[in-house]
Amino acid sequence: KMHVRNAPLDSVAELGYLGFAPFETVKLYDPNGAGAHHKVYDHFLARPLDAPGRRAREDGAALVNLNTPYANVLQAALLDMPVDEFPGGAAHERLSEAQALEVANLLVANRLYTSFSQIGGLSAAQISQLYAANAFPAANELQRESLFRNLEERVGMRGNTFLVFLVAEAHDYATREFGIGVNQNHLNRGHLDIGWSRGGSTKFGGDRINTPGGPFGTRLVSVGALAMVWLDSYPDATGRRDAFVRYFKYLDE
């Protein structure tokens with residue numbers, strides 16, 4: 001049974017239904033681990049249309065990064081994934097919690113990914129492990145390739161977004177009313193030992209500094225802020241990663 005949609009594609013994986021020679025279709029993975037599959041994900045992108053009966057989602061919204069180092073995070077994205085033969089078709093099975101973790105562990109062990117085509121290029125042993133009954137329990141080729149089609153809806157690869165909380169404080173280290181002495185032995189060993197006539201003691205690196213009013217003196221003012229920062233998962237040719245601040249707000253409390 002073959003399904004070829006007579007409509008715009010929801011997924012690049014649907015190209016896997018296309019025949020290009022007698023008894024030959026586009027292959028999304030190579031079971032022999034030789035990398036002889038068709039790397040359509042390196043060249044095509046599908047953007048689902050918002051229309052009745054079609055999958056609609058804001059591009060890039062609520063996607064788990066496929067390159068996460070945490071299998072439990074990826075497991076959450078894989079949980080209940082349908083193993084079906086075509087978009088909207090009945091699910092042969094859905095991934096259980098244990099199956100989702102098996103698939104997640106394999107994918108995490110073989111990151112970093114820049115394209116789903118790299119999943120199709122896993123070794124023969126890894127492909128065998130991926131499609132084992134305790135991982136992705138597919139009964140035929142169409143169901144095996146549904147992994148790629150349904151994975152597209154749940155994961156992304158290019159971006160990481162972080163929430164960063166910032167706090168800056170100014171402290172008073174006034175010294176006029178205190179005597180200061182320097183221990184020459186410590187200074188000779190590369191350590192600066194400043195003795196105050198009173199106050200707490202703390203260490204900064206190898207230096208011991210005594211300050212009045214406690215380890216950090218008297219706090220004069222503080223300000224907090226929240227920043228949302230996007231960081232590209234992959235460095236460019238010079239090793240630099242693109243990043244920019246998507247949102248910034250000073251916190252009143």
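Contact means heavy atoms within 4.5 Å. The model is predicted. The chain has six helices and 13 strands. Of its 253 residues, 35% count as buried.

**The chain as a whole**

- The accessible surface of the chain comes to about 15,100 Å². Carbon and sulfur atoms account for 54% of that surface.
- Take the contacts between residues at least 6 apart in sequence. Of these, 61% join residues at least 24 apart.

**Helix 5 and its cover**

- Helix 5 runs over residues 141-151. The helix is mostly covered, with nine of its eleven residues buried.
- The buried residues of helix 5 are Leu142, Gln143, Glu145, Ser146, Leu147, Phe148, Arg149, Asn150 and Leu151.
- What lies over these buried residues? The cover includes helix 1, helix 3 (117-120) and helix 4, along with strand 4 (82-83) and strand 6 (155-156).
- At the start of helix 5, Asn140 reaches in with a side-chain oxygen. That oxygen comes to within 3.1 Å of the backbone nitrogen of Leu142.
- Arg144 and Glu141 sit three residues apart in helix 5, about one turn of the helix. Their side chains meet in a salt bridge (3.4 Å, N to O).
- Arg144 counts as partly exposed because its relative accessibility is 24%, and buried would require under 20%.
- Glu141 is also partly exposed, with a relative accessible area of 28%.

**The nonpolar core**

- In soluble globular proteins, nonpolar side chains tend to be buried together.
- Here, the largest nonpolar core has 38 residues. Those with the most contacts inside this core are Leu66, Leu78, Phe116, Ile119, Phe136 and Phe148.
- Which elements give two or more residues to this core? They are helix 1 (71-78), helix 2 (97-109), helix 4 (124-130) and helix 5 (141-151).
- Helix 2 gives the most, with six residues.
- Setting aside neighbours within four places in sequence, Phe148 is in contact with Ala13, Leu28, Tyr29, Tyr41, Phe116, Ile119, Gly120 and Tyr131.
- Two of those partners, Phe116 and Ile119, are also among the core residues with the most contacts.

**Aromatic rings**

- The structure holds five aromatic pairs.
- One of them joins Phe248 and Tyr250: the ring centres are 5.1 Å apart and the planes stand at 90 degrees, so the pair is edge-to-face. The cut-off for that label is over 60 degrees.
- Elsewhere, ring pairs link Tyr29, Tyr131 and Phe136 into a cluster.

**A look at Tyr250**

- Tyr250 lies in strand 13 (residues 243-251).
- Is Tyr250 buried or exposed? Tyr250 counts as exposed because its relative accessibility is 55%, and the cut-off for exposed is over 50%.
- Beyond neighbours within four places in sequence, Tyr250 is in contact with Val223, Gly224 and Ala225.
- Tyr250 and Leu166 are 84 residues apart in sequence. In space, they are 9.1 Å apart, C-alpha to C-alpha.

**Salt bridges**

- How many salt bridges does a search of the whole structure find? The search finds four.
- Asp80 and Arg94 form another, with their side chains meeting at 3.8 Å, N to O.
- This pair links distant parts of the chain, 14 residues apart. Asp80 is in the loop between helix 1 and strand 4, while Arg94 is in strand 5 (residues 93-94).
- Asp80 counts as partly exposed, at 41% relative accessibility. Arg94 is partly exposed too, with a relative accessible area of 43%.
- The side chains of Asp242 and Arg240 also meet in a salt bridge (2.5 Å, N to O).
- Asp242 is partly exposed, with a relative accessible area of 39%. Arg240 is partly exposed as well, at 48%.

Technical notes. Residues are numbered from 1 along each chain as its sequence is written. This is a predicted model: local features need pLDDT of at least 70, side-chain atom pairs count only at pLDDT 80 or more; totals for chains, interfaces and linings use all residues. Side-chain values use heavy atoms; hydrogens and water are left out. A nonpolar core is a set of buried Ala, Val, Leu, Ile, Met, Phe, Trp, Tyr and Cys residues joined through side-chain atoms within 4.5 Å. Buried means under 20% relative accessible area, exposed over 50%, partly exposed in between (1.4 Å probe, protein chains only). Helices (H or I, at least four residues) and strands (E, at least two) are DSSP runs, numbered from the N terminus. A polar contact is a pair of N or O atoms within 3.5 Å; within protein, one must be able to donate a hydrogen and the other to accept it, and residues adjacent in sequence count only if both atoms are side-chain atoms. Rings of Phe, Tyr and Trp (its six-membered ring) pair if their centres lie within 6.5 Å; planes under 30 degrees apart count as stacked, over 60 as edge-to-face and the rest as tilted. Accessible areas come from the Shrake-Rupley method with a 1.4 Å probe; for residues, only the protein chains shown count as cover.
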